[in-house]
Amino acid sequence: MNVTWVMGFPDGNEQGTYLALDMGGTNLRVCEITLTKEKGAFDITQSKYKMPEELRTGTAEELWEYIADCLQQFIETHHGGQELAKLPLGFTFSYPATQEYVDHGILQRWTKGFDIDGVEGQDVVPPLEAILKKRVCIPIILYRHRTNQLQGLPIKVAALINDTTGTLIASAYTDTDMKIGCIFGTGVNAAYMENVGSVPKLAHMNLPADMPVAINCEYGAFDNEHIVLPLTKYDEIIDRDSPRPGQQAFEKMTAGLYLGEIFRLALIDLLETNPGLIFNNQDVSKLRKPYLLDASFLAAIEEDPYENLSETLELFERTLSIRPTFPELEMLRCLAELIGTRAARLSACGVAAICTKKNIDSCHVGADGSVFTKYPHFKARGAQALREILNWAPNEKDKVEILAAEDGSGVGAALIAALTLKRVKAGNLAGIRNMEDMKTLL
């Protein structure tokens with residue numbers, strides 16, 4: 001679990017214009033967010049960029065250059081020919097990072113299928129800022145300098161955040177009942193607000209015990225020792241063949257990156273242990289390609305009306321060149337439901353654990369990620385699991401409710417940048433490294 005140096009919730013009165021950079025598992029997104037005078041309101045301009053697959057296993061320089069390319073394209077598109085002061089950037093870096101300061105973070109390990117040399121164990125902010133300083137941005141005019149050719153993009157990283165922390169803060173901006181932020185997508189994780197006095201790793205700083213600080217749980221790494229979770233043979237294969245065996249055990253059972261692969265491995269197991277049982281006399285070569293199927297494949301199966309499963313049949317023909325019989329279609333539907341239900345119920349365990357630790361009787365949980373927003377029945381299955389785990393009476397309404405979150409990686413990143421600058425202005429410098437640089441943004 002990682003300290004984020006986000007010290008408290010927004011009050012809804014934050015104002016200003018901020019950039020947000022979201023490096024997720026699939027896309028890179030750049031946003032400009034203006035927090036307006038109206039309490040809890042904001043305007044947003046954004047662009048999304050598909051991250052090339054080769055970047056996942058490329059070099060560190062290629063990664064930072066690509067990010068700089070996207071930021072430069074965004075700035076030149078939306079601010080060409082304008083006077084522009086240096087913009088504070090909230091950088092959503094959704095990978096485990098140790099943070100001694102809110103504006104810096106050392107990558108502990110890659111997740112979500114990334115495996116880029118030269119980044120783990122390093123602070124990710126300086127190399128990005130170094131590349132931003134080398135860029136020539138035309139025809140932007142930097143305020144006070146008034147030059148038609150600007151050396152360096154007018155951007156300063158004000159906060160490095162995890163997407164769960166951003167989700168927590170963005171959701172709390174519009175809903176004061178929000179206590180937990182979760183991601184159910186390519187990866188799984190959560191964040192919540194803790195008292196500094198309950199965080200042993202901060203004891204040496206002599207901060208007020210009741211001071212709040214957001215904690216990034218990183219519970220995708222729960223049970224990396226494989227002694228608690230009920231693993232199937234398919235979970236063991238996924239872990240064994242992953243870029244990081246022995247890591248992210250909980251994530252590999254619940255995240256969207258792996259659900260389709262669990263489904264594929266189960267079918268391969270049936271084919272190899274029971275020859276002729278399914279897909280008899282059909283070419284199954286496409287099914288043997290690892291990670292060919294993703295969570296959207298299972299979602300499409302679960303969305304298909306059960307009457308004739310014609311959409312599932314078409315899906316298999318189109319994707320795998322396999323034409324299942326109707327009994328096989330029924331089996332495929334059941335398998336998808338089992339995998340989707342397990343993921344939802346295990347995901348609810350993480351929420352319930354935080355509620356139990358913090359003695360939270362009732363609250364709202366902000367959730368983001370493609371599995372939560374797009375996978376059929378995920379929310380209902382998770383809600384049912386929470387009822388059982390937290391032992392609510394049958395006639396009680398849901399006391400811990402998981403709701404679709406505000407834009408944590410965009411609005412949340414901007415809000416955390418705003419909260420950081422607010423702390424600098426107030427003289428609360430705990431967890432802030434470059435105070436003088438921050439003051440230039442005020």
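How many bridges join strand 6 to strand 12, and do they run parallel or antiparallel? Six bridges join these two strands, which run parallel. The legends below describe a predicted model, in which local features need pLDDT of at least 70 and side-chain atom pairs count only at pLDDT 80 or more, while totals for chains, interfaces and linings use all residues. Residues are numbered from 1 along each chain as its sequence is written, and side-chain values use heavy atoms, with hydrogens and water left out.

**View 1. An open sheet of five strands has the order 4-3-2-6-12, with mixed pairing.** Helices (H or I, at least four residues) and strands (E, at least two) are DSSP runs numbered from the N terminus, and two strands pair if DSSP finds at least two bridges between them. Strand 4 (42-50) and strand 12 (155-161) are the edge strands, each pairing on one side only, and the twist averages 20° from one strand to the next. Strand 2 (residues 16-23) and strand 3 (residues 27-35) are antiparallel partners over eight bridges, with T17 standing opposite T34 of strand 3. Seven of the seven residues of strand 12 are buried (under 20% relative accessible area; exposed means over 50%, and partly exposed lies in between, with a 1.4 Å probe and protein chains only), so strand 12 is largely enclosed by the rest of the structure.

**View 2. Helix 1 (residues 60-79) lies across strands of the five-stranded sheet.** The strands that helix 1 lies across are strand 2, strand 3, strand 4, strand 6 (87-93) and strand 12, and the helix runs at about 135° to strand 4. Axes are lines fitted to C-alpha atoms, for helices over the stretch in contact, and angles run from 0 to 180 degrees between N-to-C directions. Helix 12 (residues 408-426) also packs on this sheet, touching strand 2, strand 3, strand 4, strand 6 and strand 12 (contact means heavy atoms within 4.5 Å), and its direction makes about 105° with that of strand 12.

**View 3. Six strands form an open sheet in the order 1-15-14-13-16-17, with mixed pairing.** Strand 1 and strand 17 (400-404) stand at the edges with a single partner strand each, so one side of each is left without a neighbour in the sheet. Strand 14 (residues 188-195) pairs with strand 15 (residues 212-216) in the antiparallel sense over five bridges, and Y192 stands opposite I215 of strand 15. Helix 9 (residues 326-357) packs on the sheet, where it touches strand 13 (178-184), strand 14, strand 16 (363-368) and strand 17.

**View 4. The axes of helix 7 (residues 295-303) and helix 8 (residues 310-320) come within 9 Å and cross at roughly 155°.** From helix 7, F297, A300 and I301 meet T312, L315, F316, T319 and L320 of helix 8.

**View 5. W5 has a positive phi, near 65°, in a residue other than glycine.** W5 is placed in the loop between strand 1 (2-3) and strand 2, and at 3% relative accessibility it counts as buried.
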